[in-house]
Amino acid sequence: MQGEMTRRSLIGHVLGGLVGTVGVVGLGVNQLGARAATGGEPFFAERYQGRWITGGGPQAQVELDRRDRGVHGHHGQPVVTVDGVPLHVMRGADGRYVTSVNHYQSFPTLKAAARAAAESLRGAALEVAA
Amino acid sequence: MIRKNQATLTSEEKARFVAAMLELKRTGRYDEFVVTHQEFAMSDSDVGDRLAHRAPSFLPWHRRFLLDFERALQEVDPAVTLPYWDWTDDRSTRSSLWAPDFLGGTGRTSDGKVMTGPFAGDTGKWKIIARTDSRSYLCRTLAVHEPALPTAEDVLKVLAEPRYDVRPWNSSSSSGLRNLLEGWRGPNLHNRVHVWVGGHMATGASPNDPVFWLHHCFIDLLWAQWQAEHGASYEPKRREPGVVGAADAMKPWGDVTPQDMLDHRAFYTYDVDE
């Protein structure tokens with residue numbers, strides 16, 4: 001597991017990407033609930049059960065630093081992270097979301113999917129999907 | 001070759017099943033099955049190619065997946081067959097299924113770690129390799145995220161479906177045996193059991209939990225019971241966008257089609273078969 005400073009730095013990259021996409025540089029974390037100009041689900045970033053969860057989309061484009069994690073979000077794809085690590089998330093035909101952590105349940109919003117993942121993890125760190 | 005209800009297994013049958021599982025784990029073959037399942041779980045999409053989940057081939061894909069696994073077990077011990085878990089009957093977290101001489105019990109509250117039985121992390125014989133998070137030990141949260149298993153009445157309702165599957169052949173198909181048995185619509189059978197067990201069973205790497213095989217063996221049995229009533233049909237007959245037709249090869253095998261899998265009696269029987 002990486003140190004606290006590294007983790008914070010990664011979160012900074014994620015939030016930087018989110019803010020850049022919305023086009024409202026300088027927003028604080030608490031203001032990220034605003035609906036993205038491009039549509040889709042409102043961005044969110046919150047502490048939930050001791051975990052830092054963020055997300056947005058499906059039209060968000062969130063670039064994670066490839067040097068840190070080797071992963072980046074694509075345009076048109078929903079993105080969720082838990083403590084800065086991307087969670088594999090898929091949008092179903094009914095608009096609900098399924099993740100690799102809760103593969104047999106669907107959730108109405110990305111935030112609900114992220115919170116469920118945080119609950120299921122019980123403190124464990126997500127592993128980046130291959 | 002007869003597949004039996006796990007509740008009827010003798011102590012010796014349970015011990016030999018467990019020993020064969022541990023041997024496949026030791027040699028690394030077990031984790032090949034986990035990885036295969038996880039790869040399909042990640043890529044099966046309602047709007048793209050789908051084979052193992054959210055698709056008409058959910059049932060034949062898993063039938064073949066279980067057959068491959070059962071054959072691997074039998075290379076270790078020819079007397080072993082896959083048992084099934086009838087969760088309409090064995091509904092309690094105190095069932096003998098979860099006893100220390102078989103699959104072990106639920107996980108502890110703090111992190112979900114299974115502490116009893118032959119698959120508990122502390123035995124050192126069941127390390128979780130293919131996974132979605134940092135926990136390297138088997139996890140369960142029985143009855144925590146889902147209070148109740150499906151009932152016999154739920155099963156009867158689903159088995160009354162006249163069609164095998166319907167368009168759009170994904171998780172939004174509003175009727176048909178396949179989607180109601182998979183659980184995205186209707187009373188929720190297969191999906192609900194994964195969530196009821198929790199821990200690794202709730203993830204795309206669900207075969208990490210040995211109960212995966214017993215659960216899917218029962219799903220396979222329910223499909224056979226539906227076929228006995230409604231005929232061994234498969235839909236769609238021909239390939240449609242994202243899904244295979246009855247005579248199309250399924251990945252990862254490449255030479256196995258849904259219609260090859262329609263008659264389970266070509267490979268095994270169930271103790272409840274007529």
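Modeller: Contact here means heavy atoms within 4.5 Å. By that rule, 22 residues of chain A touch 34 residues of chain B. This is a predicted model, in which local features need pLDDT of at least 70 and side-chain atom pairs count only at pLDDT 80 or more, while totals for chains, interfaces and linings use all residues. Residues are numbered from 1 along each chain as its sequence is written, chains are lettered from A and ligands numbered from 1 in the order written, and side-chain values use heavy atoms, with hydrogens and water left out.

Between chain A and chain B, about 2,200 Å² is buried, and carbon and sulfur atoms give 54% of that; buried area is the accessible area (1.4 Å probe) that two parts lose on being put together, summed over both. Tyr104(A), Arg122(A) and Glu127(A) supply 38% of what chain A buries against chain B, more than any other three residues.

Glu127(A) also takes part in a salt bridge, its side chain meeting that of Arg131(B) at 3.2 Å, N to O. The term stands for a side-chain nitrogen of Lys or Arg within 4 Å of a carboxyl oxygen of Asp or Glu. The count between the chains is 1 salt bridge.

On the side of chain A that touches chain B, helix H3 (residues 110-121) gives the largest share, 3 residues. Helices are DSSP runs of H or I with at least four residues, strands are runs of E with at least two, and both are numbered from the N terminus. By class, this side of chain A has 10 nonpolar, 8 polar and 4 charged residues. Ala, Val, Leu, Ile, Met, Phe, Trp, Tyr, Cys and Pro count as nonpolar, Asp, Glu, Lys and Arg as charged, and the others, including Gly, as polar.

Next, some backbone details. Most residues other than glycine have a negative phi, and most peptide bonds are trans. Gln49(A), however, has a positive phi, near 50 degrees, and sits in the loop between strand E1 (41-48) and strand E2 (51-57) of chain A. In chain B, Arg167(B) and Pro168(B) are joined by a cis peptide bond with omega about 5 degrees. Pro168(B) belongs to the loop between helix H4 (152-159) and helix H5 (177-182) of chain B. Another cis bond runs from Glu235(B) to Pro236(B), omega being near 5 degrees.
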